[in-house]
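Please look over the model below. The notes that follow describe parts of its fold and one annotated site.

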Amino acid sequence: MSCPVSSTTSRTSSQEDTIIVSVRIRPENAQEHGLDYPLVVQMIDSKMLSFDPKPEQDPYFGPPVAKKRVKGRHKRKDLTFGFDNVFGESSTQREVFEATTKKVLPCVLDGINCSIFAYGATGAGKTHTMLGTPEQPGIIYQTMKELYFLIDEKKNEISCDIAVTYLEIYNENIYDLLKDEKRCLPLREDSNKKSPIITGISYTKPTDAQDLLHILSQGNKRRTQHPTDANAQSSRSHAVFQVYIHQKPRAAGTETEVTVAKLSLIDLAGSERATVTTNSGVRLREGANINRSLLALGNVINALASNKGIKSHIPYRDSKLTRLLKDSLGGNCRTVMIANISPSGCSFEDTYNTLRYADRAKQIKVKTNRNVVNVQLPMHKYTSIIDDLRLQVKHLQEE
Ligand code: ADP
Ligand code: MG
């Protein structure tokens, strides 16, 4: 099989990788099955997949004459892609969590900011991967459970505070998903121009796993939806769940050595082209803004991937999403991208674009140093965001 786009060598993650790029192929749904398009994605092994292979090379795809012609395809692309993980349609939420996000959680507790993204077109499985259902909870729930477990293991040595925020970015505006009131919140930077601060955002401390599920489900109900288009439910905005972790040693004399880190879990808006899903007015603007922020995210990733070092210009300022994640992408951060795709030929273009986006993302490979800015700082050197957070946590404790 030829591989004009991607390397056929599969990737092995190491401590030196700052990004883990995985692809999750969801099962073909009944609607797609009924349309009778051929499948265009096949998992080769746990790190490789083929996209649009020649039928004679793979009988799994069946004779193409029996199927509808795939939209946008003139001749077979016949590509092989290698990623850190390829999850097939029968992959479980637990498997996806363990091979991706679970690996970076020790880094978070070491004071390194991490971001986890679910990328892909509408309907490709992003929300299923991040949120899931009560029966099959997704990455956010499993992450919190694991974090509490890891913190509990260290409870004799370290005291730890966790607070979470949940927000959406819709049309380049930030809204708090923990509040009923829909008010656009301003984004600014702390005095060091390092950490973004959202003025007025609410922090909460989930008391246990059930409480977390409740917070997530209430927050989701507040995501921007379009009553006229069921398909558009929660697909036009980026949902960003952030966990702030603040650890302090218990040993006398070391109480001022505090480790802080932020973990961002992001259910991105659908990556399909605006022209495909929108036609005019508000929807066209939404589409343009979604494209703008995903393009900006791609550009930041590309700039980090071309990696002329941390000194080169990284265009964080080009969208709210990248501004918000400025301290959580690239350089000294760890990133997990889970690109979600449908195997069906009716999503041919979307799948192709998602695979190319993910393929570019995996070029980022620089050494992660422990984030000395965040680790073991004396109390007076905290950035204002942490001061904000401590106040919020104190306030919650007093309630
Ligand atoms: P997106 O958030 O990307 O728009 P969803 O996560 O809402 O897509 O998925 C669309 C539909 O497909 C949902 O009904 C979801 O339950 C189902 N689905 C997505 N991924 C999977 C999967 N890996 N296994 C089973 N069903 C899935
Ligand atoms: Mg969704």
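Is Glu172 buried or exposed? Glu172 has a relative accessibility of 12%, so it counts as buried (buried means under 20% relative accessible area, exposed over 50%, partly exposed in between, with a 1.4 Å probe and protein chains only). This is a predicted model, in which local features need pLDDT of at least 70 and side-chain atom pairs count only at pLDDT 80 or more, while totals for chains, interfaces and linings use all residues. Residues are numbered from 1 along each chain as its sequence is written, and side-chain values use heavy atoms, with hydrogens and water left out.

**The loop between β7 and β8**

Glu172 lies in the loop between β7 and β8, and Asn171 is placed in the loop between β7 (158–170) and β8 (173–176). Helices (H or I, at least four residues) and strands (E, at least two) are DSSP runs, numbered from the N terminus. Neither residue is a glycine, yet phi is positive in Asn171 and in Glu172.

| Residue | Phi | Relative accessibility |
|---|---|---|
| Asn171 | near 50° | 12% |
| Glu172 | about 65° | 12% |

**The sheet**

An open sheet of 9 strands runs in the order β5-β1-β14-β6-β13-β12-β7-β8-β9, with mixed pairing. Its edge strands, β5 (85–87) and β9 (184–185), each pair on one side only. Two strands pair if DSSP finds at least two bridges between them. β6 pairs with β14 (residues 334–341) in the parallel sense over 6 bridges, and Ala118 has Ile338 in β14 as its bridge partner.

**Helix α10**

Helix α10 lies across β1 (19–25), β6 and β14, running at about 165° to β14. Axes are lines fitted to C-alpha atoms, for helices over the stretch in contact, and angles run from 0 to 180 degrees between N-to-C directions. The 14 residues of α10 (residues 348–361) should span 20 Å at 1.5 Å a residue, and the end C-alpha atoms are 20 Å apart, which agrees; the expected span is 1.5 Å times one less than the number of residues. Among the buried residues of α10 are Phe348, Thr354 and Ala361.

**The annotated site**

An unreviewed UniProt entry places a "binding site" at Gly120, Ala121, Thr122, Gly123, Ala124, Gly125, Lys126 and Thr127; such annotations may be inferred rather than shown by experiment. Gly120 is in the loop between β6 (114–119) and α4 (126–130), and Thr122 is also in the loop between β6 and α4. Gly120 counts as buried at 0% relative accessibility, whereas Thr122 is partly exposed at 27%. Leaving out residues up to four places away in sequence, Gly120 touches Lys126, Ala269, Gly270, Ser271, Asn340 and Thr354 (contact means heavy atoms within 4.5 Å).

Conventions. Chains are lettered from A and ligands numbered from 1 in the order in which they are written.
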